[in-house]
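Me: Please show me the structure. I would like to go through it by question and answer.

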Amino acid sequence: MTGPATEPTTAPRTLVEKVWDSHRVGGTTDGPDLLYIDLHLVHEATSAQAFDGLRLARRPVRRPDLTLAVEDHNVPTDSLVITDPVSVEQVTTLRGNCAEHGIELFRHGDGQQGIVHVVGPELGAVQPGMTVVCGDSHTSTHGAFGALAFGIGTSDVEHVLATQTLALQRPRTMAVEFTGEPAPGVTAKDLMLTLLARIGANGAHGHVLEYRGEAVRRLSMEGRMTMCNLSIEAGARAGLVAPDETTVAYLADRPRRPAGRAWRDALAHWETLRSDPGAVFDRTVTVDVGDLTPVVTWGTNPGQAVPLDDSVPDPDTYADPVEQAAARRALDYMGLTPGTPMRDIEVDTVFLGSCTNGRVEDLRSAAEVLRGRKVAPDVRMLVVPGSMRVREQAEKEGLHEVFLAAGAEWRFSGCSMCLGMNADRLPGRQRCASTSNRNYEGRQGRTARTHLVSPAVAAATAVTGRLAAPADLDRR
């Protein structure tokens, strides 16, 4: 489903340019382009003001059939009953707005409810070549399907609700080439934390990233979603991967994918969604993954990361005075000393979940590490499936039994401890190994300390009580 296209061009184009051009319905030479939006995802945390704006202007939602809402940020994960007054108000408001405008909504406890960036793909609602927006920065997740997907602010949410279009400046493009073959145990999370450490937490500002290379092609769709999810942490507008046979296989049995002749037509169109030979990117970054090992963060942005085999860095080793100052502030907040081996850092909590790593593949990875083992006595581990469908699939496979036997908490779906908008917050200066996407100051609690890790590293850390890789357990 796309909007009117501009005139075709014979010059080689990147995938980003192809999707952009096919959705451009207006604009000026020097100003922003007006893009048609194929899918608008909505949740309770950022939509209320936008709906109020529609009401004041006496405008309807133009395409409720292209709008899908979920409850995820504020909902509790230990119960299906919402008791927090602020959460009740936000969820109730979303329910009223969706009912008023005829928008499909998956409520807390519904069999299809979950984190918006998990629910959309598992339904097959996100497809190659689409434009997808949501009032949430990690909308970039959906770029794993070859879609142009990005987060938008409240005023833009209102604009899309009213017009099904959005005015945007054409972005710059960046090719990220992952070369070589990653070693066993090196995940998409490790690839992205390595990239972020290389270019910095704002190193891709103003760009849309296209992830390329054999290491990317070998990733599952879950791994690609993790990769694209973290694009925003590099300051990028979005990130995407060209669709291929892995994409098609993932979508083939999804309930909302095209059917019959429409499916055959879609497959033919998706074949064209790749950067042309000779297409020019504004920038290219190459990362050799052959020597990578599991990576963890030590600081307060996702770019402050090192291999787990390494130590907490010394700020004086940074040549840039700004980076020196940022590192000193991060170490002060994190309560860490330069030179401390990463494996010596003890944690209080392990969080497995979020739109970054809350899919069934992530749960399988962690369960394999935990099978037959116990969470350390002084560690609390929360396992929060990214959706109720993920939860159901995990229970069919018996993964929940592995987590419970190990001493972890098995929760309902939601954003949970990824951010401090619900009851799953860290008290005081507790330290957490988290499979989420952000380790900012106060992200998981007002003074909480966060280390970003992959699901397998999270599980190994839960067992040892300090940052660890699965291989470390075999040496105990």
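Reply: S1, S2 and S8 make an open sheet of three strands, in the order S1-S2-S8, with antiparallel pairing. Strands are DSSP runs (E, at least two residues), helices are DSSP runs (H or I, at least four residues), and both are numbered from the N terminus. Two strands pair if DSSP finds at least two bridges between them. This is a predicted model: local features need pLDDT of at least 70, side-chain atom pairs count only at pLDDT 80 or more, and totals for chains, interfaces and linings use all residues. Residues are numbered from 1 along each chain as its sequence is written, and side-chain values use heavy atoms, leaving out hydrogens and water.

Me: Which residue of S2 stands opposite Arg24?
Reply: S1 (residues 24-27) and S2 (residues 33-36) pair in the antiparallel sense over three bridges. A hairpin of five residues joins S1 to S2. Opposite Arg24 stands Leu35.

Me: What is the bridge partner of Asp33 in S8?
Reply: S2 and S8 run antiparallel, joined by four bridges. In S8, the partner of Asp33 is Leu168.

Me: What angle does the direction of H5 make with that of S8?
Reply: H5 (residues 154-163) packs on the sheet and touches S2 and S8. Angles run from 0 to 180 degrees between N-to-C directions, with axes as lines fitted to C-alpha atoms, for helices over the stretch in contact. The angle between H5 and S8 is about 135°.

Me: How many of the nine residues of H1 are buried?
Reply: Buried means under 20% relative accessible area, exposed over 50%, and partly exposed in between (1.4 Å probe, protein chains only). Among the buried residues of H1 are Leu15, Trp20 and His23. H1 (residues 15-23) is mostly covered, and its buried residues number seven.

Me: Is Thr14 buried or exposed?
Reply: Thr14 is in the segment before H1. Thr14 has contacts with Thr173, Ser275, Ala279, Val280 and Phe281, leaving aside neighbours within four places in sequence. Contact means heavy atoms within 4.5 Å. With a relative accessible area of 0%, Thr14 is buried.

Me: Which side chain makes a polar contact with the side chain of Arg411?
Reply: Arg411 is in the loop between S17 (409-410) and S18 (431-434). Arg411 is buried, at 6% relative accessible area. A polar contact is a pair of N or O atoms within 3.5 Å; within protein, one must be able to donate a hydrogen and the other to accept it, and residues adjacent in sequence count only if both atoms are side-chain atoms. At 2.9 Å, the partner is Glu409.

Me: Which residue stands opposite Ala433 of S18?
Reply: S15 (residues 349-352) and S18 pair in the parallel sense over three bridges. Arg431 and Ala433 point one way from S18, and Cys432 and Ser434 the other way. Opposite Ala433 stands Val350.

Me: At what angle do the axes of H13 and H16 cross?
Reply: The axes of H13 (residues 360-370) and H16 (residues 455-464) come within 8 Å. Residues in the contact include Ala366 and Val369 of H13, and Ala459 and Val463 of H16. The axes cross at roughly 30°.
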